[in-house]
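I opened my notebook to record what I could look up in this structure. My entries follow the order in which I checked things.

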Amino acid sequence: MEQLENFFHMGGYGFYVWLSYGITLIVLLLNYVMPRTREKKLVDRLNQISKMKGQGENES
Amino acid sequence: MWKWITKYASPMHFYLLANRLTPWFGWSAAVLFAVGLYGAFFYAPADYQQGESFRIIYIHVPSAWMSMFVYMVMAGAGAAGLIWKTKVSDAVARSCAPLGASFTFLALATGSLWGKPMWGTWWVWDARLTSELILLFLYLGYIALQSAIDDRRTAARAGAILALVGVVNIPIIHYSVIWWNTLHQGPTISKLDSPSIHIDMLIPLLVMAIAFNLYFAAMVLIRARMEIVEQEKNSKWVQELIVDKVSV
Amino acid sequence: MTRVRILNLFSTILFRDLLLGVRNQSELVNPLIFFIMVITMFPLSIGPEQSALMQISPAIVWVAAVLASNLTIDGIFRSDYEDGSLEQMILSPHSGFTLVMAKILAHWLLAGVPLIIMVLMAGPFLYLPDYALQTLFYTLLLGTPVLSLIGAIAGGLTMGVRSSGMLQALLILPLIMPLLIFSVSAVNNAMKGLPVTGELYFLAAILVLALTLAPIAVFSALKIRLSE
């Protein structure tokens with residue numbers, strides 16, 4: 001337990017070390033999530049459009 | 001001998017290649033990050049001068065290296081787009097910019113968080129940090145220019161010119177800032193400059209550097225894939241391959 | 001097709017731009033007024049004490065010069081772009097390098113040179129001793145053409161973009177930093193009585209580099225933006 005506490009404490013520099021690693025994690029994750037979300041939204045829209053076109057063709 | 005590479009100048013083949021390669025790069029990056037972090041926290045001994053705070057080096061230095069490497073890739077892809085007029089290189093160049101800006105931001109933020117316990121201030125006009133700040137402005141200018149121009153092809157070519165002008169300037173800026181910095185302070189010897197970095201501290205650093213590189217490869221492929229689908233959304237291959245299918 | 005001699009082409013465009021610039025007097029004078037006002041703001045905010053002002057006056061002058069020249073960048077290509085004459089010039093079979101150099105020289109003569117003259121007159125405002133003022137003059141002489149050259153790159157890249165002033169500043173400023181560093185340090189050294197030849201040589205080197213490479217970048221940027 002004491003080892004875990006020392007790990008978090010980082011010799012007194014815990015705040016700086018963990019904030020650094022935390023910011024890095026967030027930035028690296030964002031760079032992964034944002035393009036994926038955008039591509040997914042785009043593909044969904046394209047799907048929607050093609051479905052509407054398909055219905056339009058069925059109706060006419 | 002290199003003819004096979006020209007196949008991937010076609011957006012569709014690049015898309016398929018990116019789909020195949022991304023998991024490899026992504027998972028190996030994850031593994032190496034895990035190994036590197038283990039090394040950073042448990043294998044490397046604490047620095048006798050800086051204590052545990054020096055562990056920030058394992059993000060700060062690879063981010064700084066990546067920020068400069070990515071700029072070179074961005075300029076190279078831009079040049080390829082100017083010379084061979086390939087849409088794929090335009091997409092890659094455009095994708096590099098947010099990643100490069102992120103790495104630069106990380107280098108600055110972690111540098112600042114490292115500096116506060118070391119030098120007592122959140123910011124120091126140290127040569128390396130100042131160069132990184134200027135590099136951030138170069139990235140932001142590139143991103144702003146590309147978003148300001150509506151036509152993608154034109155935006156890519158204008159961005160390529162800007163990136164090439166930046167590449168010529170970066171060595172000048174770098175040495176100017178070093179010179180400027182040594183004017184007013186004596187040469188500051190940081191732990192990084194001294195040649196005697198302990199091998200146990202060095203190995204996790206190299207592992208993290210490779211991990212960052214693999215991460216960059218994976219992310220640039222993901223983003224370039226997205227840019228290509230956006231650009232080619234009306235083309236036949238997008239309709240056939242992607243629409244009504246679940247993407248990886 | 002008549003053979004147009006390079007010098008004829010160069011001087012035609014140069015005189016045309018100079019004439020247009022001189023006729024539009026407000027565009028000429030506004031940056032200078034801006035420059036004077038920025039320079040005035042510093043003593044007003046710092047206090048009239050001589051030693052404090054002397055320390056930072058080279059920096060103030062150079063920063064004000066960079067900001068003032070940013071205001072004029074837009075004008076290099078915008079009016080020609082809007083009425084279509086730029087397109088004609090670019091599409092013509094004549095040398096693009098010459099055309100671009102002529103326009104940049106016109107910009108420097110209209111924006112940079114008045115600034116230099118203004119600084120010579122504003123020297124006493126900032127308690128600059130004579131040797132320092134002389135060095136400042138040389139740094140401006142070597143540096144303002146670079147401002148015009150790099151500004152032309154930014155202007156060419158952002159042609160036709162709405163409210164491009166901020167974008168241009170964002171593009172120009174990182175590229176200008178070495179210029180700023182060496183110019184201000186040269187003047188600071190002059191104030192301390194140290195030699196300034198090293199810095200001036202470096203500024204000259206930057207000028208030569210910009211003279212040779214910038215017009216290529218400008219012309220490529222113009223061709224790219226105009227072929228949309």
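**Entry 1: where chains B and A meet.** I looked up this contact first in a model that is predicted. Chain B gives 32 residues to the contact, and chain A gives 24 residues. I then asked which elements of chain B supply at least two residues each to the side that touches chain A. They are α4 (87-119) and α7 (199-231) of chain B. The largest share of that side comes from α4(B), with 11 residues. I also sorted this side of chain B by class. I noted 18 nonpolar, 6 polar and 8 charged residues there.

**Entry 2: where chains C and B meet.** Next I turned to the other contact of chain B. Here 22 residues of chain C touch 23 residues of chain B. On the chain C side, I found that α6 (130-157), α7 (165-192) and α8 (197-226) each give two or more residues. Which element of chain C gives the largest share of the side that touches chain B? I wrote down α7(C), with 11 residues. By class, this side of chain C has 17 nonpolar, 3 polar and 2 charged residues.

**Entry 3: chain B by itself.** I wanted a picture of chain B as a whole. I noted 8 helices and 0 strands. Reading from the N terminus, I wrote the order of elements as α-α-α-α-α-α-α-α. The C-alpha trace of chain B spans about 60 × 40 × 35 Å along its principal axes. Chain B has 248 residues, and 45% of them are buried. I also looked up how far apart in the chain the contacting residues lie. I took the contacts in chain B with a separation of 6 or more. Residues 24 or more positions apart make up 79% of these.

Entry 4: I stopped at B:K85, which has a positive phi of about 55°. B:K85 is not a glycine. I noted this because most residues other than glycine have a negative phi. Where in chain B is B:K85 found? I placed B:K85 in the loop between α3 (57-84) and α4 of chain B.

Is B:K85 buried, exposed or partly exposed? I looked up its neighbours: there are 13 C-beta neighbours inside 10 Å. A residue needs 20 or more to be buried and 12 or fewer to be exposed. B:K85 therefore counts as partly exposed.

Definitions and conventions: Residues are numbered from 1 along each chain as its sequence is written. Chains are lettered from A and ligands numbered from 1 in the order in which they are written. This is a predicted model: local features need pLDDT of at least 70, side-chain atom pairs count only at pLDDT 80 or more; totals for chains, interfaces and linings use all residues. Two residues are in contact if their C-beta atoms, placed from the backbone, lie within 7 Å. Helices (H or I, at least four residues) and strands (E, at least two) are DSSP runs, numbered from the N terminus. Ala, Val, Leu, Ile, Met, Phe, Trp, Tyr, Cys and Pro count as nonpolar, Asp, Glu, Lys and Arg as charged, and the others, Gly among them, as polar.
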